[in-house]
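Here is a short report for a first look at this structure. Keep the view open while you read.

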Amino acid sequence: MQLYFNPATVKMLSNLKVLVIAILLKMIMKRRFSIIQWEALALLLIGISINQLRSLPEGTTSFGLPVATGAYLYTLIFVTVPSLASVFNEYALKSQFETSIYHQNLFLYGYGAIFNFLAILGTAIFKGPNSLDILQGHSKATVLLICNNAAQGILSSFFFKYADTILKKYSSTIATIFTGIASAVLFGHTLTINFVLGLSVVIISMHQFFSALSEVKDEKQSGSLEMMDSQDSKRSKDRSILNMTTGANEDASHRVHEDEKRLLPV
């Protein structure tokens, strides 16, 4: 991705994961979204498209593919695979909600370490024992990058368990501002009007998606509540009528009793 786009554009393109994640959440976890929330996701795509205008360098090729084909292919992989991982991580963490998140992280990252170790062994078998030096070529920058990714992964698990995946992905749009500024300072990239407009649309989309007006209303629940209210009101009316009838009967019996007393001899 870095071969075709500057860092700020890569960060904006990563927001495409939100739409894929929403579809996966609807399919896998049966999550419901309102029409306003789907419109917010559409605004997100529009904001990304605005930012991407003229962001592909012309005449560049990689691995023998035209730049457009290679860019879209890598973008598809870049968006789909992490989205699947995020949804299944959320499902795994929330399905055992009573379990400590630190124990869950231990198992999840333990499995990841096992698979990485198997990959290192496979590389050593095909390339020889010299490839076992996994620290070769590392610098202070790569070590800091590893620590940063590790901290980001642990923080992501809290998002998955106590919030949701869409909130995590939307929150990354806030980091786009700092990414764009850092890209301009460190690499000399220009913050174009497309980036500013696209980022503005994405922020509006985020506000619309999490607005209280966009919450899904349970029609069945509201219908049952209305039915219960009508039944309660009907019962209260019946009780008032019954009380009125009872009071009238008591008043009539009291008057008859007084008349009988008057007719008795003293």
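## Helix 2 against helix 7

Start where two helices touch. Lys 17, Val 18, Ile 21, Ala 22 and Leu 25 in helix 2 meet Thr 165, Ile 166, Lys 169 and Tyr 170 in helix 7. The residues of this contact divide into 6 nonpolar, 1 polar and 2 charged. The model is predicted.

Helix 2 covers residues 16-28, and its axis lies 10 Å from that of helix 7. The two pack at an angle of about 175°. Angles over 145 degrees count as roughly antiparallel, so helix 2 is roughly antiparallel to helix 7.

## Helix 6 against helix 7

Helix 7 also meets helix 6. Helix 6 spans residues 140-162, and helix 7 spans residues 165-187. Their axes come within 7 Å and cross at roughly 135°. Helix 6 and helix 7 are therefore oblique to each other.

Ser 156, Phe 159 and Phe 160 make the contact from the helix 6 side. Helix 7 contributes Thr 165, Leu 167, Lys 168 and Ser 171. By class, the residues of this contact are 3 nonpolar, 3 polar and 1 charged.

## The largest pocket

Now turn to the open space. The largest pocket has a volume of about 1200 Å³. Its lining has 29 residues. Which of them lie nearest its centre? They are Asn 149, Gln 152, Gly 153, Ser 156 and Lys 168.

Helix 1 (7-13), helix 4 (67-95), helix 5 (101-127), helix 6 and helix 7 each supply at least two lining residues. Helix 6 gives the largest share, 11 residues. By class, the lining has 13 nonpolar, 12 polar and 4 charged residues.

## Transmembrane annotation

An unreviewed UniProt entry places the feature "transmembrane region" at residues 35-53, 65-85, 106-126 and 141-160.

Two of these spans can be followed in the model. Residues 106-126 are 100% helix and 0% strand, with end C-alpha atoms 30 Å apart. Residues 141-160 are also 100% helix and 0% strand, and their end C-alpha atoms lie 28 Å apart.

Key. Residues are numbered from 1 along each chain as its sequence is written. This is a predicted model: local features need pLDDT of at least 70, side-chain atom pairs count only at pLDDT 80 or more; totals for chains, interfaces and linings use all residues. Side-chain values use heavy atoms; hydrogens and water are left out. Axes are lines fitted to C-alpha atoms, for helices over the stretch in contact, and angles run from 0 to 180 degrees between N-to-C directions. Helices (H or I, at least four residues) and strands (E, at least two) are DSSP runs, numbered from the N terminus. Angles under 35 degrees count as roughly parallel, over 145 as roughly antiparallel, 65 to 115 as roughly perpendicular and the rest as oblique. Contact means heavy atoms within 4.5 Å. Ala, Val, Leu, Ile, Met, Phe, Trp, Tyr, Cys and Pro count as nonpolar, Asp, Glu, Lys and Arg as charged, and the others, Gly among them, as polar. UniProt positions are given in the numbering used here, feature names are shortened, and annotations may be inferred rather than shown by experiment. On a 1 Å grid over the protein atoms alone, a cavity is a set of points where a 1.4 Å probe fits but cannot get out, and a pocket is an open set with protein on both sides within 12 Å along at least five of seven lines; lining residues have an atom within 4 Å of a point. Grid points are joined across faces, edges and corners, and a volume is the space filled by probe spheres set on the points.
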